[in-house]
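Good morning, and thank you for making the time.

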Amino acid sequence: MRTSRYFQLAVGAALLGAPVAFAQIVALDLRGMLERADSAIVGSIVEKSVWSGPLGGPDTIVEFTTIKVQGEDLVRGGEVTHSITFLGSETRPCSEMPTANETKVGTKGVFFSKKLQETWGGRADQWSMIAAQGGIFRIESGPKGDVVIGKGQGFAVSENRLMTELRADVSRELTAIRRK
C-alpha cells in the first residue's frame, strides 16, 4: 500500500513535535499574568548571558539565556535585581523566545517572572520568564511619559499604554487577586 508523500511528512512532523514541548506562548490577559507571576519588574536589563544545560533528559542539551534585570517590582514592591531565564539564545533560537531587541543590555521594559521551585537546565534557584515572549514588554519614552509597547490580543499588555496607566491597572488587578 502506498501512502501519499504529504501524509508521510505530516505524520513525521507530528511525531517530531509530540514528545517534548520545550516552551510555549500562553494567552494571558493582565490578570492571568499577575495570577502566575511572583514578580513584575519595571526596569532595565543590565547583563545578559547564555549557557547550556539539559532539558527533558541528560541527552538533550539546549541553550538558555539569562537577563539580569534591575528595577521596581510591581508585585512585591521595592527595588529588586533578578536574573530571569528563558529557553533559547540568539545563536540557537527557540521560536517562542523574546526577540534580541527586547533582551539587549540597556533595554527598558516590564518583565514578568516566576521563581522556580525545581531545577531547570541543571540549575536551581532561578527565575523563569512567564509565557515565553509574552512575558516581556519594552518601554519607550514618549512625549507624555514612558509607553509600554503592547503585543496584541492575547497578551498581558495588548496595546500601547502609558506606564502610569499600566501601574494603575496592575495595582487594581493585584488588589482583586489578593481579595480572593
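**Salt bridges, strands and cores**

Let me start with a pair of charged residues: Glu90 forms a salt bridge with Lys48, and their closest N and O atoms are 2.4 Å apart. This pair links distant parts of the chain, since Glu90 sits in the loop between strand S3 (79–87) and strand S4 (108–115), while Lys48 belongs to strand S1, 42 residues away. Lys48 is partly exposed, at 26% relative accessibility.

The model is predicted, so local features need pLDDT of at least 70 and side-chain atom pairs count only at pLDDT 80 or more, whereas totals for chains, interfaces and linings use all residues. Residues are numbered from 1 along each chain as its sequence is written, and side-chain values use heavy atoms, with hydrogens and water left out.

The terms are as follows. A salt bridge is a side-chain nitrogen of Lys or Arg within 4 Å of a carboxyl oxygen of Asp or Glu. Buried means under 20% relative accessible area, exposed means over 50%, and partly exposed lies in between (1.4 Å probe, protein chains only). Helices (H or I, at least four residues) and strands (E, at least two) are DSSP runs, numbered from the N terminus.

How many salt bridges does the rule give? The count comes to 13. Another of them joins Glu47 to Lys68, with the closest N and O atoms 3.9 Å apart. Glu47 lies in strand S1 (residues 39–54) and Lys68 in strand S2 (residues 61–73), so this pair ties together parts that are 21 residues apart in sequence. Glu47 is partly exposed at 42% relative accessibility, and Lys68 is partly exposed at 27%.

Arg161 and Asp169 form a further salt bridge, with the closest N and O atoms 2.8 Å apart. Is Asp169 buried or exposed? At 12% relative accessibility Asp169 counts as buried, while Arg161, at 22%, is partly exposed. Salt bridges that share partners join Arg161, Glu165, Asp169 and Arg172 into one network.

I turn now to the strands, where two strands pair if DSSP finds at least two bridges between them. S2 and S3 run antiparallel and are joined by nine bridges; Val69 has His82 in S3 as its bridge partner. These two strands form a hairpin with five residues between them, and Gly77 in the turn has a positive phi of about 85 degrees. S3 also runs parallel to strand S5 (residues 127–129), with two bridges, and here Thr85 stands opposite Ser128.

S4 has several partners to consider. With S6, the pairing is antiparallel over three bridges, where Val110 stands opposite Phe137. With S5, S4 again pairs in the antiparallel sense over three bridges, and the partner of Lys114 is Ser128.

Gly43 lies in strand S1 and is buried, with a relative accessible area of 12%. Gly43 and Val110 are 67 residues apart in sequence, yet 6.6 Å apart in space, C-alpha to C-alpha.

Next, the interior. A nonpolar core is a set of buried Ala, Val, Leu, Ile, Met, Phe, Trp, Tyr and Cys residues joined through side-chain atoms within 4.5 Å. The largest core has 24 residues, and those with the most contacts inside it are Leu34, Val110, Phe112, Val148, Met163 and Leu166. Helix H2 (30–36), S1, S4, strand S6 (136–142) and helix H3 (163–179) each supply at least two residues of this core. Which element gives the largest share? H3 does, with five residues. A second, separate core of 20 residues includes Val62, Val80, Phe86 and Ile136.

Finally, helix H3. Its buried residues are Met163, Leu166, Asp169, Val170, Leu174, Ala176 and Ile177. They cover an arc of only 160 degrees around the axis, which puts them on the same side of H3; the arc is that of the directions from the helix axis to the C-beta atoms. On the other side of H3, Thr164, Arg172 and Arg179 are exposed. Leaving aside neighbours within four places in sequence, Met163 is in contact (heavy atoms within 4.5 Å) with Val42, Leu74, Val110, Ile139, Asp146 and Val148.
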